[in-house]
Amino acid sequence: MLEIICVALAVYFESRGEELQGQRAVASVVWNRTDDPRWPSSSCEVVKQPNQFATLFEPTDWRSWQTAVLVAAETRNNRTTPAFFFATPGLHNYKYLETIGNHEFFGLEEK
């Protein structure tokens with residue numbers, strides 16, 4: 001359950017104002033990293049890495065928090081994007097995959 005909570009925190013602070021598709025994509029990035037040996041295998045360690053995700057505080061919007069937890073749980077085994085990175089428009093170091101909501105998503109290959 002702790003792994004889901006950590007992903008939910010990333011979803012909440014990175015994409016809570018977006019449609020579910022955008023929230024699922026953010027969660028997928030965290031889960032994708034846990035499966036890749038270049039990152040920690042724990043979602044909690046992934047989201048705590050410096051300069052990778054929004055600073056994690058305590059959620060204040062209960063409804064958005066509930067949605068983030070559900071999104072984290074449902075994407076654990078059902079990823080919606082193969083991306084490993086996301087950013088607001090402007091990050092161009094990696095191969096662009098798609099735009100979902102307010103974020104652009106990128107794969108591992110550098111340009």
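Is C6 buried or exposed? Here are some notes on that and on the rest of the fold.

1. Ground rules first. This is a predicted model, in which local features need pLDDT of at least 70 and side-chain atom pairs count only at pLDDT 80 or more, while totals for chains, interfaces and linings use all residues. Residues are numbered from 1 along each chain as its sequence is written, and side-chain values use heavy atoms, with hydrogens and water left out.

2. Back to the cysteine. C6 counts as buried, at 9% relative accessibility; buried is under 20% relative accessible area, exposed over 50% and partly exposed in between, with a 1.4 Å probe and protein chains only. C44 is buried too, at 10%. A disulfide joins C6 to C44, with an S to S distance of 1.9 Å (the rule is a pair of cysteine sulfur atoms within 2.5 Å). The torsion about their S-S bond is about 85°, so the disulfide is right-handed. The pair links distant parts of the chain, with C6 in helix α1 and C44 in helix α3, 38 residues apart. Helices (H or I, at least four residues) and strands (E, at least two) are DSSP runs, numbered from the N terminus.

3. Now the core. The largest nonpolar core has 32 residues, and V7, V11, V30, F53, W65 and F105 have the most contacts inside it. Such a core is a set of buried Ala, Val, Leu, Ile, Met, Phe, Trp, Tyr and Cys residues joined through side-chain atoms within 4.5 Å. Helix α1 gives the most to this core, with nine residues.

4. F53 deserves a click in the viewer. Not counting residues up to four places away in sequence, F53 touches A10, E14, V30, R33, V46, V47 and F86 (contact means heavy atoms within 4.5 Å).

5. On to the sheet. Its three strands form an open sheet in the order β1-β3-β2, with antiparallel pairing; strands pair if DSSP finds at least two bridges between them. β1 (85–87) and β2 (94–100) are at the edges with a single partner strand each, so one side of each has no neighbour in the sheet. Three bridges join β1 to β3 (residues 103–110), and F85 stands opposite F106 in β3.

6. Last, a histidine. H103 sits in strand β3 and is buried at 6% relative accessibility. The H103 side chain makes a polar contact with the side chain of E18 at 2.7 Å. A polar contact is a pair of N or O atoms within 3.5 Å; within protein, one must be able to donate a hydrogen and the other to accept it, and residues adjacent in sequence count only if both atoms are side-chain atoms.
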